[in-house]
Amino acid sequence: MHNFILFIRRFFDLILFLGLQIICIVLIARTQNLMQGNDVLSSANMVTGYMYDRQSAVVDYFGLRRMNDSLLSENVQLRELLARFSSIDTVQVENVTRAYMDGADSSSVVRYAQYTYHKARVISNSVSAADNYITINRGSDHGIRKNMAVVSGSGVVGRVTNVSPRFATVLSVLNTKQPISARLRDGTFSFAFWEKGARPDELFMSDIPQEIRVSIGDSVFTTSYSTIFPRDLLIGIVERIEIRQKDNTQYLRLSPATNFRNLQYVYIIQDDLIPERRALEDSVKKKK
Amino acid sequence: MSDYLKNFLRFCLIIAIQVLILNKIPLRWWSQPLGFPLFIPMIYPLFILLLPFCTPVWLLLILGFIAGITVDSFMNTVGMHAMATVLIAYLRTNVLNALLQKNQEEYAGQSPGVKNMGWFPFLTYSFFLILLHHTVYFTIELWSLTNIGYLLLKILASTVTTMLFVITYLLLFTKQSARP
């Protein structure tokens, strides 16, 4: 026993060093797990969230002009969409009018008020790490939950990973952990992903069979297979096409629809049907 | 001003510079000339480098862990910065022993700095430990050797930029001796 105490006193520094390193390794290994982030030691906690909030309150003034422009272009897009649904020329298309008249009892039309949009301000952002996170100034007090989808005015941004009462962190699409399910114009499904060391303005899609015809400028959308993103959100636009010689597949480079360098405001999409769907899919997995 | 207060204030200042200014550099469009990989200069190891000579190793280790975890929670990389910082905190004493002319006990109440070590030994000391810190950090972050060129480029670019910031810090915060 005496020798043991002497041993500990002799090598106390080394033992402390190894102990701290082991704590670090455990922490790193735990956060690599996808669905459970580390809530306490993330930028969603009170102190870090508060500091980022103060900082962005000052810095945001310098980006107001650009912000204004992006909101205007989003407004134009939404107005066009609205016009497409509301202004049906009743003189030319008689069938449409009749359909409206006939379906007067609305009971036959099932409406799903499936999506609710929350708005949030980006208070911290990164693009240079291997997995990039965004901190937003909305949290569980405002109805934000884990794994909700986050989009900007122009396209997909990421999914919520950590939530505190007033802040939340978002794992952006620029990560190496989780690809998004993506769809080409003709309906081919694949994954859009980001590579380690890639620039923040490129995403990739691999393993597209060669017989699928892709052209530069095609849009890539999210699919309904994902349990996080609603379908038909714009992910990016095809920028370059390469053919991989070894397995004769096409390798696409996309330019993402969102400019990750100057995100200022984002929308968080609350999908009311997702919990039911996840529960069902998990129960199927458990049975196996 | 007591040593504790001085080091605490330095900790707050360095972490604030790191988190609020340096971490935002890659967000600017000019941060990437000619497709150069994005990198962040990390000056917070300077806090460990500038602690007084007489700090015992166990305290260095714990302070290194605290500094690392603080930066980690700002950057959402739980454990990675802490691991690299604990490593350099452990090796600090050995590197200092190799570089100093006298025994460490003779520098009672002083901190490593340009004045008592001279420019060249101090820069060697900080360059070596910062290079080690960056190597460990970026290796853990990427955790693959498939694009080793990218990894090396990122380590080198980041170390050089960090050293520029360290030199700036030293020039700003070293008291000049009063001219006769």
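Here is a short chat about a predicted model of chains A and B.

Colleague: What makes S10 and S11 of chain A a pair?

Modeller: Two strands pair if DSSP finds at least two bridges between them. S10 (residues 234–244) and S11 (residues 249–256) of chain A have 8 bridges, so they count as paired. Their sense is antiparallel, and A:Arg240 stands opposite A:Arg253 in S11(A).

Colleague: Which strands close into the barrel, and in what order?

Modeller: In chain A, 6 strands close up in the order S6-S7-S8-S11-S10-S9, with antiparallel pairing. From one strand to the next, the twist averages 40°.

Colleague: How do you know which residues of chain B are in contact with chain A?

Modeller: The test is whether the C-beta atoms, placed from the backbone, lie within 7 Å. By that cut-off, 35 residues of chain B are in contact with 29 residues of chain A. Helices H3 (57–75), H4 (80–99) and H6 (119–142) of chain B each give two or more residues to that side, and H3(B) gives the most, with 9 residues.

Colleague: What is the make-up of the side of chain B that touches chain A: how many nonpolar, polar and charged residues?

Modeller: That side has 24 nonpolar, 9 polar and 2 charged residues. Gly is among those counted as polar.

Colleague: What does the predictor's confidence look like for chain B?

Modeller: On a scale from 0 to 100, chain B averages a pLDDT of 86, and 93% of the residues score at least 70. Where pLDDT is low, the predicted coordinates should not be read in detail. The model itself scores ipTM 0.86 and pTM 0.80.

Terms used
Residues numbered from 1 in each chain as written. Chains lettered and ligands numbered in written order. Predicted model: local features only at pLDDT ≥ 70, side-chain atom pairs only at ≥ 80, totals over all residues. Helix = DSSP H or I, 4+ residues; strand = E, 2+ residues; numbered from the N terminus. Axes fitted to C-alpha atoms, helices over the stretch in contact; angles between N-to-C directions. Contact = placed C-beta atoms within 7 Å.
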